[in-house]
Amino acid sequence: MTAPAGDTPYDLLGIGIGPFNLSLAALADGVPELRTLFLDARPRFSWHPGLLMEGTVLQVPFLADLVTMADPTSPWSYLNYLRAHGRMFPFFFSERFHIPRREYDHYCRWAAESLPSCRFDAEVTSVDWDGAAGVFRVEHRSAAGRRSSAAARRIVLGVGTEPVLPEALRPLLTGGHRGRILHSADYRTHRAGLAAADDVTVIGAGQSGAEVVLDLLRHQDGGGAGGPYVRWLARTPAFAPMEYSKIGLEHFTPDYVRYFRGLPQEVRERLVPEQWQLYKGVSAETLAGIHDELYERTIGGTAPRAALHPGVEITGAEEVPGGGFLLRCRHAQQDSRFAVRTSAVVAATGYAAVRPAFLDPVAGLVDWDERGRYRVGGDYRVALAPAVTGELYVQNAELHTHGVGAPDLTLGAWRAATILNAVAGRPVCPVPERAAWTTFGAPAGPGSGDRDGGAGAAARRSAGG
């Protein structure tokens, strides 16, 4: 629920309304004693609009919605969304486990527009600590310039991540190349122009890069003569499928989060890049779609108007006379160098957490690590100076402390419930102690690893076995 008018402090104020803070808002809606407010600068909810192409699906099952993995009885579940929109029977007959991204976006917008605690057109400009009152002061403004403020005992940052471009491409962004050098986050906006280009190079071996490649291939005509030549470059040693085995997915459980947090920092730093297939791979369906398109294009002996090059990094880029760009490349395993000329570049090179400028007034009160990142506790609370009695939480800014599940929707509701329980000071939304069959790390004692560990043991205990 929301707070009454005036300067009465909110118990919790969220900044940013993406899926993760929206999950927290939805779960908190069932706790009437908490006064909550969530602010976002955008005019309405929108989830990765540049990648909402027809036919793309969520990479996690629909049960990883805003609330179900923490509270399946919540009115803000995806199934209740279907009921509210008269789509329960069509969904049932479609037999979908992975839902269209466009529908997930619409589901989240429905929740955001229905929850009374969510307020859009409210850009947060500063967060400061008022030690005398024991509250954070949050200043925000509308697009029309109307300024407002709010006080809160606790802040949760859900500002998301920002697109990252390779260093070699950044100088070209200032050259007026809009629509020809872009991040995949803006692909849909420039899709028509790219489909009409002579040659498009896609950089990045993750799901977004694969989906852009597949979409561009589908813009080629049946004989492969029309549409752009499509080149796919990636630093990874292969265009590999995302880990999707049932046991492998247990890396996205609370059990693995706890295990990862217990590792030495230097081990955590080394481990995350090694696990790229857990969160940077491509769905097997998308890879199969690319293969099928290439097969169709080469019927009758036609040469494919496409090239796939893994193990390649971009070392330089420049505009060339007559139009287009020259990309200087290095093949890592061969240690060989080559160059390609292209009309346009789509960099599907991921996202990174950034420190928002509105935190500048309290930056000196945050206990940053040696790389300038938040020090995040088990309950997602950021370490602050002892003088600060308020609390600061983060969502999807803790890859370095909590592991590969940080950006994944699977753990979204569980993390939101963990934060909510910490804020409420009681388990208003109980979370499981064990969720995986895998015991990450050594067993606790002799013989305990194969007898007493894992979710099976927890299930037997709860059943009295």
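1. A friendly word on terms to start: a residue is buried when its relative accessible area is under 20%, exposed when over 50%, and partly exposed in between (1.4 Å probe, protein chains only). Helices (H or I, at least four residues) and strands (E, at least two) are DSSP runs numbered from the N terminus.

2. This is a predicted model, in which local features need pLDDT of at least 70 and side-chain atom pairs count only at pLDDT 80 or more, while totals for chains, interfaces and linings use all residues. Residues are numbered from 1 along each chain as its sequence is written, and side-chain values use heavy atoms, with hydrogens and water left out.

3. Have a look at helix H1 (residues 19–28): 10 of its 10 residues are buried, so the helix is largely enclosed by the rest of the structure. Among them are Pro19, Phe20 and Asn21. The buried residues of H1 pack (contact means heavy atoms within 4.5 Å) against strands S1 (12–15), S2 (36–39), S3 (118–119) and S7 (154–157), and against helices H4 (101–114) and H12 (412–424).

4. Next, helices H7 (residues 254–261) and H8 (residues 265–274): their axes, lines fitted to C-alpha atoms over the stretch in contact, with angles from 0 to 180 degrees between N-to-C directions, come within 10 Å and cross at roughly 135 degrees. That makes H7 oblique to H8 (under 35 degrees counts as roughly parallel, over 145 as roughly antiparallel, 65 to 115 as roughly perpendicular, and the rest as oblique). Tyr256, Phe260 and Arg261 of H7 meet Arg268, Leu271 and Val272 of H8 in this contact.
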